[in-house]
Amino acid sequence: MRYELLSRQILRWIMDHPGREVPFSTRTLAAEIGRHHSLIGHLLTGERRYVGAEDAQAIAEAVGVDLRVLFAPSTSPDRNGPTPGK
């Protein structure tokens, strides 16, 4: 199952204000979930809107929020989500 990021701005805000003393950078959040920093970077720029269920859950847990604060299940069967304009 794929999950769609609900808001890049919310993800950025939560990264800047996590439930820990030090904010997350793209690299530190990626390291926390064991992924390459480009995953987080692409989510923040909008280049990528969808991630797998494991990644969505790992991101939410790392920043200390419920999965549904950041992500919603995708209804698209397409691997990358719906095609813009369709």
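A residue is buried when its relative accessible area is under 20%, exposed when that area is over 50%, and partly exposed in between (1.4 Å probe, protein chains only). Keep this at hand for the exercises below.

The model is predicted, so local features need pLDDT of at least 70 and side-chain atom pairs count only at pLDDT 80 or more, while totals for chains, interfaces and linings use all residues. Residues are numbered from 1 along each chain as its sequence is written, and side-chain values use heavy atoms, with hydrogens and water left out.

**Exercise 1. Get your bearings**

Find how many helices and strands the chain has, and what pattern they follow.

Step 1. Helices (H or I, at least four residues) and strands (E, at least two) are DSSP runs, numbered from the N terminus. The chain has five helices and three strands.

Step 2. Going along the sequence, their pattern is β-α-α-α-β-α-α-β.

Step 3. Of the 86 residues in the chain, 35% are buried.

**Exercise 2. Study the salt bridges**

Step 1. A salt bridge is a side-chain nitrogen of Lys or Arg within 4 Å of a carboxyl oxygen of Asp or Glu. In general, side chains of opposite charge can pair when their charged atoms come close. The whole structure holds four salt bridges.

Step 2. Arg12 is partly exposed at 31%, and Asp16 is partly exposed at 34%.

Step 3. Asp55 is buried, with 14% relative accessibility, whereas Arg35 is partly exposed at 38%.

Step 4. Asp66 counts as partly exposed at 39%, and Arg68 as exposed at 66%.

**Exercise 3. Describe how H1 meets H3**

Give the angle and the axis distance for H1 and H3, then name the residues that meet.

Step 1. Axes are lines fitted to C-alpha atoms, for helices over the stretch in contact, and angles run from 0 to 180 degrees between N-to-C directions. The angle between H1 and H3 is about 130 degrees, and their axes are 8 Å apart.

Step 2. Angles under 35 degrees count as roughly parallel, over 145 as roughly antiparallel, 65 to 115 as roughly perpendicular and the rest as oblique. H1 is therefore oblique to H3.

Step 3. Contact means heavy atoms within 4.5 Å. From H1, Arg8, Leu11, Arg12 and Met15 meet Ile40, Leu43, Leu44 and Thr45 of H3.

**Exercise 4. Look around Ser74**

Decide whether Ser74 is buried or exposed, and list what it touches.

Step 1. Ser74 sits in the segment after strand S3 (71-73).

Step 2. Its relative accessibility is 15%, so Ser74 is buried.

Step 3. Leaving out residues up to four places away in sequence, Ser74 touches Arg2, Tyr3 and Tyr50.
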